[in-house]
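Keep the structure open beside you as you read.

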Amino acid sequence: MYKNRKITVLSHILVWLLLFSMPYLLSYGQEQEVNRVIAHFWIPLVFSAIIFYLNYFVLIDQYFFPKKMVLFITINVIIIAFFLFLKEYIEDNFFQDIIKKRSKDSVRLGPPFKMGIYIQVLSYMAPLLFSIAIKSTKRWIKTEAERKEAANFKLKSELQHLHYQLQPHFFFNSLNNIYALVDISPEQAKTSIHSLSKLMRYMLYETNVELISLSKEIDFLKKYIELMKLRVSDKTVVNYSFPAEETGIKIAPLLFISLIENAFKHGVSASKKSIINIEMICKEKTVYFTIKNDDFPKKIDDKSGSGIGLPNIEKRLELLYPKKYNFKTTLENNHFVSHLEIETN
C-alpha cells in the first residue's frame, strides 16, 4: 500500500516536471525569454494543477460522484473564470514588458480576442476532464475489485455450506448402513464403525481445502466402497477401477462420494441380484468418472438419507468448475448411469 502510494506521488512529480520543461524541450535550441515562459506557460500550468488536484481530492468526491452536477459545474466555472481574470491581472501588473510587446504585435497581427479566451478556457478544461477520467477509472477499478471480493466471499461461503451439508448427510447414511449390520453381524458392525471413524477423520480434517490430491480422494473412495460392501449380500457384485499410478491431478474434495452413495442406495436389492460398476479414468488433466448400477427405486415411505446428494454435487460443480464439467445421469434398460467429466487444468 505504502509502496504504491510512493510510486503514484513520484509519477505525478515526474509528469509535472515534464510539463514545466516543455517550453525548453520544444524550443529546438532556440533561446526562450524567461518572463514570457512564466507568464504564458508556467502560471497557466500552476492554475491547471490547482484545478486538477482540487477536483481530484475534493470536488469530484463531494459533488460529481453524488450527482450534484449543477453545483459541481458552477464551482468549476467560477474557478476557471477566476483564474482567467487572475492571469490577466498578473500579466498587467507584473509583466508590463510582455504587454507592451503584445500590444505592438497586435497592431500588426490583430489576433481575435475571443479565440484567445476560448483557448485558455479549453486549457483549463483539460485538467478538469483528466481528473474526472482518472478518478472515475480508479473508482471503477476499486468497485470491480470489491465486487469480485464479495463474489469470491459468497462463493466460499456457499461452498462451505455445501461442504458442511455433505458431512452430516454422509455420516447419517453410513450410520443407517451400520445399524442394519448390528443384528445381522455384530463383528462386521464393529469393523464398519472403525472404518467410518477413519473416513470421518478424512472428511473433517483433510478436506477443508480448495484442492486435494486425486490419489488421496481415490484412497478415501476405496475405503468407503469397502465399508459399503460389508452391508450388502452376496447377491450384489461391486466392481471398481481407479488409476493405479499417481496422476499429479488436484481436485476439489468430496465430489464423487455422493454418486457412490447414490449407487449403493438405489442399486442394491435384498432379494435380487445386482451389480455396481465404478470406473475412473484420467486423460491428461481431465477426470472421467462413471457409475453404472441396477435401478431399484426407493419406496415412498423409505426415509433413509436426506436426498441432498445429487443436488449438492451439481451446485458444487457449478461453483467450482463453471463450463469445465459435464455431468449427466441416464436410465438405460433398468440400469442407472451417472457420468461426470471434470477438466482440472
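Start at Lys-67, which sits in the loop between α2 and α3 (69-94). Helices here are DSSP runs of H or I with at least four residues, strands are runs of E with at least two, and both are numbered from the N terminus. Lys-67 isn't a glycine, yet its phi is positive, about 65 degrees. Lys-67 counts as exposed because its relative accessible area is 69%; the cut-offs are under 20% for buried, over 50% for exposed and partly exposed in between, with a 1.4 Å probe and protein chains only.

A word on what you're looking at: this is a predicted model, in which local features need pLDDT of at least 70, side-chain atom pairs count only at pLDDT 80 or more, and totals for chains, interfaces and linings use all residues. Residues are numbered from 1 along each chain as its sequence is written, and side-chain values use heavy atoms, with hydrogens and water left out.

Lys-323 also has a positive phi without being a glycine, with a value near 65 degrees. Its loop is the one between α9 and β6.

| Residue | Relative accessibility | Class |
|---|---|---|
| Lys-323 | 84% | exposed |
| Trp-42 | 26% | partly exposed |
| Asn-55 | 0% | buried |

**Along helix α2**

Trp-42 belongs to helix α2 (residues 34-64). Leu-19 is 23 residues from Trp-42 in sequence, and their C-alpha atoms are 9.0 Å apart.

Asn-55 lies in helix α2 too. Its side chain makes a polar contact of 2.9 Å with the side chain of Asn-76. A polar contact is a pair of N or O atoms within 3.5 Å; within protein, one must be able to donate a hydrogen and the other to accept it, and residues adjacent in sequence count only if both atoms are side-chain atoms. Not counting residues up to four places away in sequence, Asn-55 touches Ile-60, Phe-72, Asn-76, Leu-128 and Ser-131.

**The cores**

In soluble globular proteins, nonpolar side chains tend to be buried together. A nonpolar core here is a set of buried Ala, Val, Leu, Ile, Met, Phe, Trp, Tyr and Cys residues joined through side-chain atoms within 4.5 Å. The largest one has 45 residues, and Phe-256 and Phe-289 have the most contacts inside it. Elements giving this core two or more residues include α5 (113-184), β4 (274-283), β5 (286-294) and β7. Its largest share, eight residues, comes from α7. Apart from this core lies another, of 18 residues, with Ile-79, Ile-90, Tyr-124 and Leu-128 among them.

Which residues does Phe-289 touch, not counting those up to four places away in sequence? Among them are Phe-242, Phe-256, Leu-259, Ile-260 and Leu-340.

**A hairpin and a loop**

Strands β6 (residues 325-332) and β7 (residues 335-343) run antiparallel and are joined by eight bridges; two strands pair if DSSP finds at least two bridges between them. Leu-331 stands opposite Phe-336 in β7. The two strands form a hairpin with two residues between them, and Asn-333 in the turn has a positive phi of about 50 degrees.

Val-268 is in the loop between α8 and β4. Its C-alpha is 7.2 Å from that of Asp-294, which is 26 residues away along the chain.

**The whole chain, and where to be careful**

Overall, the chain has nine helices and seven strands, and buried residues make up 35% of its 345 residues. Of the contacts with a separation of 6 or more, 72% are between residues 24 or more positions apart.

The average pLDDT (the predictor's confidence in each residue, from 0 to 100) is 81, and 82% of the residues score at least 70. Residues 106-111 stay under 50 and have two contacts beyond four places in sequence, while residues 303-307, also under 50, have nine such contacts. Where pLDDT is low, the predicted coordinates should not be read in detail.

How values were computed: Contact means heavy atoms within 4.5 Å.
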